[in-house]
Amino acid sequence: MKFKGVTLLAIATAATLCALPMKQAFCQDSAAGQQMHQSGQDLKNAASATGESAEHAFHGTADQMSDATLTTKVKSTLLSNERTRKYSIHVESDHGNVTIDGAVGSRAKAKYIASVVASVSGVRTVQNKLTWPTS
């Protein structure tokens, strides 16, 4: 009979526990668990930000190398051209946009130099800041 009472008590306890709403016993419910969860999120965010920073640094370096390469190509083209090599022309490149600056003999020479620069592969636009004597 004792066995029946223990069984009955176990069934009653199980039925009561099933009927009552139970709070989940996850570690996030405790203050320490919440802090651990937040620390994990912070680490995940930091890792993501670090990855994005590395990607931006890579692209920035690649862009600078590309700009330097284009500037070198433009300068080389100007130095190898018999009509343009005598002028000291400053060249800057930014994502295919090339700016040329310096003093030349005439407006026609400035236009010619701009057309030579525009013909270089990779040049998207040319900003011509060349100057010439007006008198």
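This report walks through the fold of a predicted model, from its overall layout to its sheet and one of its helices.

## The overall layout

Let's start with the big picture. The protein has three helices and three strands, and going along the sequence they come in the pattern α-α-β-β-α-β. The chain has 135 residues, and 19% of them are buried.

The three strands form an open sheet in the order E1-E2-E3, and the pairing is mixed. Strand E1 (90-94) and strand E3 (125-131) sit at the edges, each pairing on one side only. Neighbouring strands in this sheet are turned against each other by 10° on average, ignoring direction.

Now for the pairings themselves. As a reminder, strands of a sheet pair through backbone hydrogen bonds, and they can do so in a parallel or an antiparallel way. Here you get both. E1 and strand E2 (residues 97-103) run antiparallel and are joined by five bridges; to find one on screen, look at Ser 93, whose bridge partner in E2 is Val 98. E2 and E3, on the other hand, pair in the parallel sense, over seven bridges.

What do E2, H3 and E3 make together? They form a β-α-β unit, and a right-handed one.

H3 also has its own geometry worth checking. With 12 residues at 1.5 Å a residue, H3 should span 16 Å, and this agrees with its end C-alpha atoms, which are 16 Å apart.

Which residues of H3 are buried? They are Ala 110, Ile 113, Ala 114, Val 116 and Val 117. Looking down the axis of H3, you'd see these buried residues fall within an arc of 160°, so they line one face of the helix.

Technical notes
Residues numbered from 1 in each chain as written. Predicted model: local features only at pLDDT ≥ 70, side-chain atom pairs only at ≥ 80, totals over all residues. Heavy atoms only, no water. Pairing = 2+ DSSP bridges. Helix = DSSP H or I, 4+ residues; strand = E, 2+ residues; numbered from the N terminus. Axes fitted to C-alpha atoms, helices over the stretch in contact; angles between N-to-C directions. Right-handed = clockwise from strand over helix to strand, strands pointing away. Expected span 1.5 Å × (residues − 1). Buried < 20%, exposed > 50% of the residue type's maximum accessible area, 1.4 Å probe, protein only. Arc of directions from axis to C-beta.
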